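User: I am new to this structure and would like to go through it step by step. Could you take my questions as they come?

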Amino acid sequence: SLAERANLAGVRHIVLVLSGKGGVGKSTLSTQLALALRSAGNRVGILDVDLCGPSIPRMLRAQDSAVHQCDSGWVPVGVGQDSAIALMSIGFLLERPDDAVVWRGPKKNALIKQFVTDVAWGDLDFLIVDTPPGTSDEHISTVEALRPHRLLGAVLVTTPQ
Amino acid sequence: LAAHLSLSLAECPGTGSAQAGRAAACQGCPNQGLCAAGAAGPDPAEAAELRARLRAVRHTVLVLSGKGGVGKSTFSALLAHGLAADETKQVALLDIDICGPSIPKMMGLEGEQVHQSGSGWSPVYVEENLGVMSVGFLLSSPDDAVIWRGPKKNGLIKQFLRDVDWGEVDYLIVDTPPGTSDEHLSIVQYLSATHIDGAVIVTTPQEVSLQDVRKEINFCRKVKLPIIGVVENMSGFVCPKCKNESQIFPPTTGGAEKMCQNLSVSLLGKVPLDPQIGKSCDRGQSFLAEAPESPATLSYRNIIQRIQEYCEQHHFQEEKIM
């Protein structure tokens, strides 16, 4: 639908950061990649679809921020030195940072879809999508929701062992 | 105008539960209609089947984290080896990480297949008294991706518990994937047919790990799963040449020690980084056997002993009550 396209319509490139394995540095890489792209003058956003273990807010010192709404949807939180990196994460939606998000697949899938269609990303050169470990609900739903848009590709992260 | 968004974190009751589609948490869930229209609740025959299958299991320990890559599978494998060193004990290791099953490789069982007998699926035995089950054994190639949504994963976990003929087991160790989702809810629900002694929660020292582990601790409390304690892996590195100690993953917020103090859970132990650990895992050998003199081995052995003592005490108390 037009409304669905609108919130990602201004995003030039979407990059997924994947692994299969946990703890190899996906979120670390996503964060550093976003900061480096921003330093080089790009307009950058990060979508954190790790619903159980959202690491990006802390990595960008934004763990106490809150999400607000505007006419075209949810407003991503401005992070980074000039608050110019647009970040959306479930971390911002928790009342307490230690609250466990104990959801089964269907509820996770619904939120991921909202993250893709209801967030007012605006005009971005790069949207980096950080994912949790595995090949399950989050990954399937993210790829399905992003399919109508310009998905540049995936960067896979590993460690040597 | 700005509106602060926050989420209702009420828990999914489970698509098979009597409350499916009807609980407060179900409001707004896209599956609500399906669940409400579905089966009335868990099949009592199925619950009875699980109970029968798990009746001969004396102790069950879940190995959890919230964080990936902290050493859950490594620890599960070593806990299994450590407990099985006593040949009079029968140990079972169940790997419910469906997307990333590490246990077959770590136990030197890659390429093994599951056989069926009249009494169910046979675990793959490493030793006579140490049996293993993992989705890894069901794949035709180790690189096959298992791209399943929650319900299919739950189905396999139920089969692992219902169809595997574990026989009489002193210790059932369950290795889990990172997170607090389908696999974790399901294993707790299905294992309510037996009792779970408790959970061992694994972390590394840095705050990025601890923030996920605190969530896992809250998950345990939510589902009333006792916490045996926390293990801090990758806790410092001692150079084998100059003996200097470095903090490769600095505990910027006090590490597991501070977290355990704050949350009133037991710190079972800290295990230093030893490159031999990763090598042993890659080669499918027991690190405890390969490097008996390593400080990491000493730490692991102390932790394993504490877990054993916890389980034996727990059992003794239960028997007293009965």
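Analyst: The answers below go from the overall build to the interface and then to single residues.

User: What kind of model is this, to begin with?

Analyst: It is a predicted model.

User: How many helices and strands does chain B have?

Analyst: Chain B has eleven helices and twelve strands. Of its 322 residues, 53% are buried. Among the contacts in chain B between residues at least 6 apart in sequence, 76% join residues at least 24 apart.

User: Is helix 3 of chain B mostly covered or uncovered?

Analyst: Helix 3 of chain B is mostly covered, as 13 of its 13 residues are buried. It runs over residues 72-84, and at 1.5 Å a residue it should span 18 Å; the end C-alpha atoms are 18 Å apart, so the two values agree.

User: Now the interface. How many residues of chain B are in contact with chain A?

Analyst: There are 47 residues of chain B in contact with 42 residues of chain A. The area buried between the two chains is about 3,800 Å², and carbon and sulfur atoms give 55% of that area.

User: And how many salt bridges and polar contacts go across?

Analyst: The rule finds four salt bridges across the interface of chain B and chain A. The count of residue pairs in polar contact between the chains, both at pLDDT 80 or more, is 19.

User: Which elements of chain B give two or more residues to that side?

Analyst: They are helix 5 (150-163), helix 6 (182-190) and helix 7 (207-222) of chain B. Helix 7 of chain B provides the largest share, with nine residues. By type, the residues on the side of chain B that touches chain A divide into 19 nonpolar, 17 polar and eleven charged.

User: What does A:Arg104 meet in a salt bridge?

Analyst: The side chain of A:Arg104 meets that of B:Asp182 in a salt bridge, at 3.6 Å from N to O. The side chain of A:Arg104 is also joined to that of B:Gln189 by a polar contact of 3.1 Å.

User: Where does A:Arg104 lie, and is it buried or exposed?

Analyst: A:Arg104 lies in the loop between strand 6 (85-89) and helix 4 (105-117) of chain A. Its relative accessible area is 4%, so A:Arg104 counts as buried.

User: What about the salt bridge of B:Arg149?

Analyst: B:Arg149 forms a salt bridge with A:Asp137, with the closest N and O atoms 3.5 Å apart. This pair crosses between chains, from the loop between strand 6 (130-134) and helix 5 of chain B, where B:Arg149 is found, to helix 5 of chain A, which holds A:Asp137. B:Arg149 is partly exposed at 26% relative accessibility, whereas A:Asp137 is buried at 1%.

User: Which residues does A:Ser141 touch?

Analyst: Not counting residues up to four places away in sequence, A:Ser141 touches A:Asn109, A:Ile112 and B:Arg149. A polar contact of 2.7 Å joins the side chains of A:Ser141 and A:Asn109. A:Ser141 lies in helix 5 (residues 137-146) of chain A, and its relative accessibility of 8% makes it buried.

User: Turning to helix 4 of chain A, why is it called largely enclosed?

Analyst: Ten of the 13 residues of helix 4 of chain A are buried, and therefore the helix is largely enclosed by the rest of the structure. Among the buried residues are A:Asn109, A:Leu111, A:Ile112 and A:Phe115.

User: How many salt bridges does the structure hold over all chains?

Analyst: Over all chains, the structure holds 18 salt bridges. One pair is A:Arg38 with A:Asp82, at 3.2 Å from N to O. A:Arg38 lies in helix 2 (residues 26-39) of chain A and A:Asp82 in the loop between strand 5 (77-79) and strand 6 of chain A, so the pair ties together parts that are 44 residues apart in sequence.

User: Which residues of chain B do salt bridges join into one network?

Analyst: One pair to start from is B:Arg162 and B:Glu46, whose side chains meet in a salt bridge at 4.0 Å, N to O. B:Arg162 is in helix 5 of chain B and B:Glu46 in helix 2 (residues 44-54) of chain B, 116 residues apart. Salt bridges that share partners join B:Glu46, B:Lys158, B:Arg162 and B:Asp163 into one network.

Definitions and conventions: Residues numbered from 1 in each chain as written. Chains lettered and ligands numbered in written order. Predicted model: local features only at pLDDT ≥ 70, side-chain atom pairs only at ≥ 80, totals over all residues. Heavy atoms only, no water. Helix = DSSP H or I, 4+ residues; strand = E, 2+ residues; numbered from the N terminus. Expected span 1.5 Å × (residues − 1). Buried < 20%, exposed > 50% of the residue type's maximum accessible area, 1.4 Å probe, protein only. Contact = heavy atoms within 4.5 Å. Buried area = accessible area lost by both parts, 1.4 Å probe. Polar contact = N/O pair within 3.5 Å; in protein donor to acceptor, adjacent residues only side chain to side chain. Nonpolar A, V, L, I, M, F, W, Y, C, P; charged D, E, K, R; others polar.
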